[in-house]
Amino acid sequence: MIRKLKVLQWSSDVSRTILCTNVTLAQSSKCLTTITNHVKQTTPVYIPITSDHLKHQRTYEALVFPNKVSYPDVYSCTKMIQGHVRNNRLNNALKLFDEMPVRDVVTWNSMIKGCFDCGNLELGCKLFEEMPERNVVSWTTMLNGLLLYKRTKAAEKLFLEMPLKDEATWNSMIHGYFINGRVEDAVRLFHEMPNRSIITWTSMISGLDLAGKSDDALLLFNQMMPSGIRPTSFTFSSAITASANAKDFHLGVKIHGQVIKLGYLSDTYITSPLITFYAHCNDTDSSSKVFNENPQTSVVVWTSLLTGYSLNSKHEKALQVFSNMFRSNVLPNQSSFTSALNSCCEMEDSNKGNVINGAAIKLGLESDMFVGNSLIVFYTKHGNIQNGLSVFKQIPKKNIVSWNSMIVGCAQNGYGMWSLILFNQMISKGMLNEADDITFTGLLSACSHSGMLEKGQNIFNYLLKYKFKKVKLEHYACMVDILGRSGRLHEAEELIKNMPMEPNKSIWLSLLSACKMHSNLKMAERVTQAIFNIDQDCSAAYTLLSNLYAFSGRWNDVLRIRELMKSKGVVKEPGHSVA
DNA sequence: CCACACAACC
């Protein structure tokens, strides 16, 4: 497997020699010895870089132009800047940019985009201000930068005021609205814009799907198809993903047929969502058929298959795929680990997860945030708080999911106090603004599992006062649980009655089990009635009420309930837990 | 040189 490097140009600075995708600086410098030996030749040569040099499975080759020590022309320098940017080496790009004897507008545009791509908004803006002349690409690049960094207001202003616009500009703005959650504005612009291309349609389809409006996305796709606009593989990729999310089996299969006809099927960007699509429709046989019919070397496609099995609770098969990856020389990445660990969570045997943890360490992924987060969940679900904590400590860049996983993990294992301590640590790290509904569900369930009434009330009141993201039904459910367990049955009942949303069955059941716990028959009868209004045949409610009657010695009522259950055909669900 | 697509954590 030989893959040519994108651009290679010899210059006096060795670090500039290798500019290609997927190769890091350290890896590049390892290859330099090889390359330097060839420099004396006069014609360009391809130098294979073997897997010794690269951790990746592929072999690369480098095109070297020997005997050129002076600065390359503007075009080549610009290409080299782009190469550096692709490898996330902003400083190298900037150094070259500064040293170049001549720059044109394309060089400036590439450098500005480079700043944005490498995470430096300010510098990109500064260069945009400084540049001597701007073309439409410059303006659009700037627009994209602002949108990428969520400066939607500034982007809108720029969009209105910029002197030059082309089709890409409009497309940028539409896509930018989507990634900033401004769906209505994107749709508005779509209707307002002068010329819609296939890229516009594709942006709309993927954007609507991203916003959770997969049905609308598919509507648009179906609208577009007969209009004569030729879809690209981008379009199909988005449409398949939308079909997967909408679980529109019929349409997905139809698109599958279309991509076969057009010869797109073997494209990674088609195969992968197609596998996911079938998995979402619970047809993993078709997933594996798509996979097997298209010989795969892409880790993404492998991971789609793995995740598909995992989602369908075919955990053995999922782990089989995971180990087959190694055998096929496709090294799993963060996503693969995440899915494999998800499957391990659902399996009794915790050894599998330990093995996967070992593999993660071997691949240097042990401190990766995604892998770490999954490991925390795996260990805490298996009751191993210690390992969970040590993984947690090892993640250098924790996000809110890391904190949530640890808080929830402690809560589930009865270490409620630790959850609260972790929350305090989270605040002191300045992460309070990141707290979301799951954080608070975790904290409240910690209070409920560990019987901390007062702390639970404080957290709940705090949540109500500051309306973090959104107060959800689960929060009320936890609070009802906390109050109920502590015997504050009337407060719990009041809370349910005054909730801003419709109470569901499980929240009433939680109160009912509290009634049983604290032998409040009168309330239990009321609550059961409320449950029957939602679900007439709720066996858990029948059982709880009949247990309570039995406990109070009201055997006639016990018999009455049993008869009622029999006549209604309600079966007692074994092992049903209410909490 | 600017615009659209794949897998992943609570």
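Biologist: What makes Arg526 partly exposed?

Modeller: Arg526 has a relative accessible area of 40%. Buried means under 20% and exposed over 50%, with partly exposed in between (1.4 Å probe, protein chains only), so Arg526 counts as partly exposed. Bear in mind that this is a predicted model, where local features need pLDDT of at least 70, side-chain atom pairs count only at pLDDT 80 or more, and totals for chains, interfaces and linings use all residues. Residues are numbered from 1 along each chain as its sequence is written, chains are lettered from A and ligands numbered from 1 in the order in which they are written, and side-chain values use heavy atoms, without hydrogens and water.

Biologist: What makes the pair of Arg526 and Glu493 a salt bridge?

Modeller: A salt bridge needs a side-chain nitrogen of Lys or Arg within 4 Å of a carboxyl oxygen of Asp or Glu. For Arg526 and Glu493 the N to O distance is 2.8 Å, so the pair qualifies. Arg526 lies in helix H29 (residues 521-534) and Glu493 in helix H27 (residues 489-497), so the bridge ties together parts 33 residues apart in sequence. Helices here are DSSP runs (H or I, at least four residues), numbered from the N terminus.

Biologist: How do you know that Lys95 and Glu99 are separated by about one helical turn?

Modeller: Nice one! Both sit in helix H3 (residues 90-99), and they are 4 residues apart, which means about one turn. Lys95 is partly exposed at 43%, and Glu99 is partly exposed at 35%.

Biologist: What is the place of Thr141, and which backbone oxygen does its side chain reach?

Modeller: Thr141 is in helix H6 (residues 136-148), and its side chain reaches the backbone oxygen of Val137 at 2.6 Å. A polar contact is a pair of N or O atoms within 3.5 Å; within protein, one must be able to donate a hydrogen and the other to accept it, and residues adjacent in sequence count only if both atoms are side-chain atoms. Thr141 is also buried, because its relative accessible area is 12%.

Key: Helix = DSSP H or I, 4+ residues; strand = E, 2+ residues; numbered from the N terminus.
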